[in-house]
Amino acid sequence: MTPHAAAMLLPLDAFHGHDLMFYRAGSPVYRTLVARDSRWQLLGEQGMVPEEPGCIRVYPGYLYSRLP
């Protein structure tokens, strides 16, 4: 499976966003997302940054990596 296919697409509604950066396609893009006991940091726009193993895609097409 390619890293592109492995990055799960998740709705922004599943997270609490911190540090609003801008809006894209009418949706906010945050620097950090929090869901339950997980924190995720913005890597960048899909296709513009290399995808890392274990990263997630959040609508509207941004990649996040899990913080320790």
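The largest cavity in this predicted model has a volume of about 30 Å³, so let's start there, given that rolling a probe the size of a water molecule over the atoms shows where empty space is left. Before you click, note that residues are numbered from 1 along each chain as its sequence is written, and side-chain values use heavy atoms, without hydrogens or water. This is a predicted model, so local features need pLDDT of at least 70 and side-chain atom pairs count only at pLDDT 80 or more, while totals for chains, interfaces and linings use all residues.

**Stop 1: the cavity**

A search of the whole structure turns up 1 cavity of 30 Å³ or more. Here a cavity is a set of points on a 1 Å grid over the protein atoms alone where a 1.4 Å probe fits but cannot get out, with lining residues having an atom within 4 Å of a point. Grid points are joined across faces, edges and corners, and the volume is the space filled by probe spheres set on the points. Select L12, P28, V29, V58, Y59, P60, Y62 and Y64 to see the lining. That lining is 8 nonpolar residues, with no polar and no charged ones; nonpolar takes in Ala, Val, Leu, Ile, Met, Phe, Trp, Tyr, Cys and Pro, charged is Asp, Glu, Lys and Arg, and the others, Gly among them, are polar. β3 and β6 each supply at least two lining residues. Strands are DSSP runs of E, at least two residues, numbered from the N terminus.

**Stop 2: the core**

Now select L12, F15, V29, Y30, L33, A35, W40, L42, I56, V58, Y62 and Y64, the 12 residues of the largest nonpolar core. Such a core joins buried Ala, Val, Leu, Ile, Met, Phe, Trp, Tyr and Cys residues through side-chain atoms within 4.5 Å. Buried means under 20% relative accessible area, exposed over 50%, and partly exposed in between (1.4 Å probe, protein chains only). Two or more residues each come from β3 (27-35), β4 (38-45), β5 (56-58) and β6 (62-66), and β3 gives the largest share, 4 residues.

Zoom in on L33. Which residues does L33 contact, leaving aside neighbours within four places in sequence? They are L12, F15, H16, G17, S38, R39, W40, V58 and Y64, where contact means heavy atoms within 4.5 Å.

**Stop 3: along β3**

Colour β3 by accessibility: 8 of its 9 residues are buried. On one side, β2 (residues 16-24) pairs with β3 in the antiparallel sense over 7 bridges; pairing requires at least two DSSP bridges between the strands. Find Y23 opposite P28, then R24 with its bridge partner S27. The hairpin has 2 residues between these strands, and A25 has a positive phi near 55 degrees.

Next in that loop is G26, exposed at a relative accessible area of 67%. Draw a distance to P60, 34 residues away along the chain: the C-alpha atoms are 8.9 Å apart.

At the other end, β3 and β4 pair antiparallel over 4 bridges, with V34 opposite R39. R36 takes a positive phi near 55 degrees in this hairpin, which also has 2 residues between its strands.

**Last stop: S65**

Select S65 in β6. Is S65 buried or exposed? Its relative accessibility is 15%, so S65 counts as buried. Beyond neighbours within four places in sequence, S65 contacts R39, W40, Q41, L43 and E52.

Notes
1 Å grid on protein atoms, 1.4 Å probe; cavity = no way out; pocket = protein on both sides within 12 Å on 5 of 7 lines; lining within 4 Å.
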